[in-house]
Amino acid sequence: RELAVWLVVDTSASCRMTAPGRTKWDTMHELAALITLSATHNHDRVGMILYSDQVEQILQLRKGRQHALRLLADLLTIQPCNKGSDPAPALDPLLHMAQRRVLVLMLSDFLFDMDRDQLGPVAFRHDLVGIAVNHPSEIEPPPCGLAAVRDSETGEVLVADFGSSGRDVCKRTFDAGRARLRAEFAAVRADLLELDTHSDCADELARFFRHRLRRTADETGG
């Protein structure tokens, strides 16, 4: 059946920061392209909300190849006004614009506190999926001893220890944050796909949605 798909994309500075090799923004753009062109091929409508700590841009639901290309071009060239990240300003208008049940795909690095109070209303009315994209250096920091680290969103600089013990602390902190994120999505019965910038996006998306289809079939007996 015809489906409507909303992409809710985090444009904050942490998602757009430069890094060796493929960046998070490269990966998020590839994911958006795969989803948008697949939906267009299936004659589905696609819309997009770009946000930082405010709504940066909204493209309403439409069909067609020209709309898909416009959406991807705008995503590629967006120059956000703000650097922070807060999905609440993007999720609130989505509840008013999407009256019927739609597929909502949140693309972000999720390096912020996300709770079920924000996710719950969207997950209750729609099919919500989070796609977390992170650089391998965030998941497991490289060994480099003491280093000056700048927060890309606030500009704050601090000295961090990336020796053996310091890296262990960073890894445990990241893992704990991911565990909380999984728990918040699970609490509202929404799915979460976790990727890094080295992932094969097409394979990961195909595997993820095949698993969803099998799970739905098992739950419904279909």
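Helix 3 buries His 67, Ala 68, Leu 71, Leu 72, Asp 74 and Leu 75, where buried means under 20% relative accessible area, exposed over 50% and partly exposed in between, for a 1.4 Å probe and protein chains only. Viewed down the helix axis, these buried residues fall within an arc of 160 degrees, so they line one face of helix 3; the arc is that of the directions from the helix axis to the C-beta atoms. The model is a predicted one, in which local features need pLDDT of at least 70 and side-chain atom pairs count only at pLDDT 80 or more, while totals for chains, interfaces and linings use all residues. Residues are numbered from 1 along each chain as its sequence is written, and side-chain values use heavy atoms, with hydrogens and water left out.

The face of helix 3 turned away from the buried side carries the exposed residues Arg 65, Gln 66, Leu 76 and Thr 77. Helices (H or I, at least four residues) and strands (E, at least two) are DSSP runs numbered from the N terminus. Helix 3 covers residues 65–77, and its 13 residues reach 18 Å from first C-alpha to last, close to the 18 Å expected at 1.5 Å a residue; the expected span is 1.5 Å times one less than the number of residues. Its buried residues pack against strand 1 (4–10), helix 2 (24–41), strand 2 (45–51) and strand 3 (55–62), with contact taken as heavy atoms within 4.5 Å.

Strand 2 also holds Arg 45, which is partly exposed at a relative accessible area of 33%. Beyond its neighbours within four places in sequence, Arg 45 is in contact with Glu 2, Leu 3, Ala 4, Val 5, Leu 61, Arg 62 and Lys 63. Glu 2 lies 43 residues away along the chain, yet the two C-alpha atoms are separated by 8.0 Å. In the loop between helix 2 and strand 2 comes His 43, exposed with a relative accessible area of 58%. Its phi is near 60 degrees, a positive value in a residue other than glycine. Most residues other than glycine have a negative phi.

Turning to the aromatic rings, the whole structure contains 3 aromatic pairs. Rings of Phe, Tyr and Trp (its six-membered ring) pair if their centres lie within 6.5 Å, and planes under 30 degrees apart count as stacked, over 60 as edge-to-face and the rest as tilted. Phe 110 and Phe 185 form an edge-to-face pair, 5.8 Å centre to centre with 85 degrees between the planes. This pair links distant parts of the chain, 75 residues apart: Phe 110 is in the loop between strand 4 (103–108) and helix 5 (116–125), and Phe 185 is in helix 7 (residues 164–187). Both residues are buried, Phe 110 with a relative accessible area of 3%. Phe 110 also has a positive phi, near 55 degrees. Together with Phe 112, Phe 110 and Phe 185 form one aromatic cluster.

The rings of Phe 208 and Phe 209 have centres 5.1 Å apart and planes at 75 degrees, so this pair too is edge-to-face. Phe 208 counts as buried at 12% relative accessibility, whereas Phe 209 is partly exposed at 27%.

Finally, Glu 138 is found in helix 6 (residues 136–139) and counts as buried at 16% relative accessibility. Leaving out residues up to four places away in sequence, Glu 138 touches Met 17, Lys 24, Leu 111 and Phe 174.
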